[in-house]
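Please study the sequence and the model before working through each solution.

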Amino acid sequence: MKSETIQASYHLFSFLLRYPTRDHLEAVDEITAFSESIEEESIRKTLVEFLSVISNWNQDQWVEHYIEVFDFGKTSNLYMTYLKLGEQKERGLELLKLKKFYEAAGFDVTDKELPDYLPLMLEFCAAIDQEVRIEFLSKHAAAIAETKSKLEKLESSYYLLLEALIKLMSYEGVVVSTDHSQKEERPLSLEDVRIMQSMREQLIQNQLG
């Protein structure tokens with residue numbers, strides 16, 4: 001697959017995973033045409049299958065289904081660090097590390113979306129070089145695979161979209177584990193400690209300023 005097609009595909013996944021609007025409904029035919037042009041058969045077939053399902057939905061049906069499966073705090077959501085850490089304080093550290101990773105790559109992020117929001121992560125993937133993208137996605141592949149697994153158990157057609165995404169990631173060389181068991185929590189690294197110290201200093205400066 002051409003690099004332009006790969007980047008456009010990540011952008012497409014980002015768009016389709018966002019809250020469905022009238023723009024989404026009106027874009028289904030155009031998106032399907034693009035999807036049918038993807039050279040890699042396994043990605044193309046899975047993505048077209050998802051689009052075939054949603055093409056039969058009206059906007060109310062699409063919105064209702066989206067809210068049902070992705071509403072924050074339910075058994076599945078699109079916040080990748082939440083799956084592992086929930087509301088624990090360690091999640092704040094992970095979010096800050098993600099934001100710093102974006103900034104180091106020259107990607108502007110706002111406070112409107114959390115850094116671990118999957119559509120934002122995929123938008124980032126569409127804007128960076130393959131080497132950085134593989135490094136980035138490798139860190140979050142397990143959470144993406146777990147989300148896909150939960151969507152499949154919920155019998156949501158969105159699992160097809162996540163499956164197509166995982167196939168694209170695998171095509172690029174990202175190793176995606178199918179083991180979704182909870183891993184033992186590791187102690188904070190020196191990098192984590194430095195970041196936490198930086199957060200404390202910033203908070204103090206904000207309070208004084």
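**Exercise 1: Aromatic pairs**

Classify the pair formed by Y66 and F70.

Solution. 
- A pair of aromatic rings is described by the distance of the centres and the angle of the planes.
- The ring centres of Y66 and F70 lie 4.9 Å apart and the planes meet at 65°, so the pair is edge-to-face; planes under 30 degrees apart count as stacked, over 60 as edge-to-face and the rest as tilted.
- Y66 and F70 are four residues apart in helix 4 (residues 59-70), about one helical turn; helices are DSSP runs of H or I with at least four residues, numbered from the N terminus.
- Y66 counts as buried at 7% relative accessibility, and F70 counts as buried at 5%; buried means under 20% relative accessible area with a 1.4 Å probe, protein chains only.
- Y66 and F70 belong to one aromatic cluster with Y19, F50 and Y158.

The model is predicted: local features need pLDDT of at least 70, side-chain atom pairs count only at pLDDT 80 or more, and totals for chains, interfaces and linings use all residues. Residues are numbered from 1 along each chain as its sequence is written, and side-chain values use heavy atoms, with hydrogens and water left out.

**Exercise 2: Helix 1**

Identify the buried residues of helix 1 and the helices against which they pack.

Solution. 
- Helix 1 covers residues 3-16.
- Its buried residues are T5, I6, S9, Y10, L12, F13, S14 and L16.
- These buried residues pack (contact: heavy atoms within 4.5 Å) against helix 2, helix 3, helix 7, helix 8 and helix 9.

Notes
Helices (H or I, at least four residues) and strands (E, at least two) are DSSP runs, numbered from the N terminus. The expected span of a helix is 1.5 Å times one less than its number of residues. Buried means under 20% relative accessible area, exposed over 50%, partly exposed in between (1.4 Å probe, protein chains only). Rings of Phe, Tyr and Trp (its six-membered ring) pair if their centres lie within 6.5 Å; planes under 30 degrees apart count as stacked, over 60 as edge-to-face and the rest as tilted.
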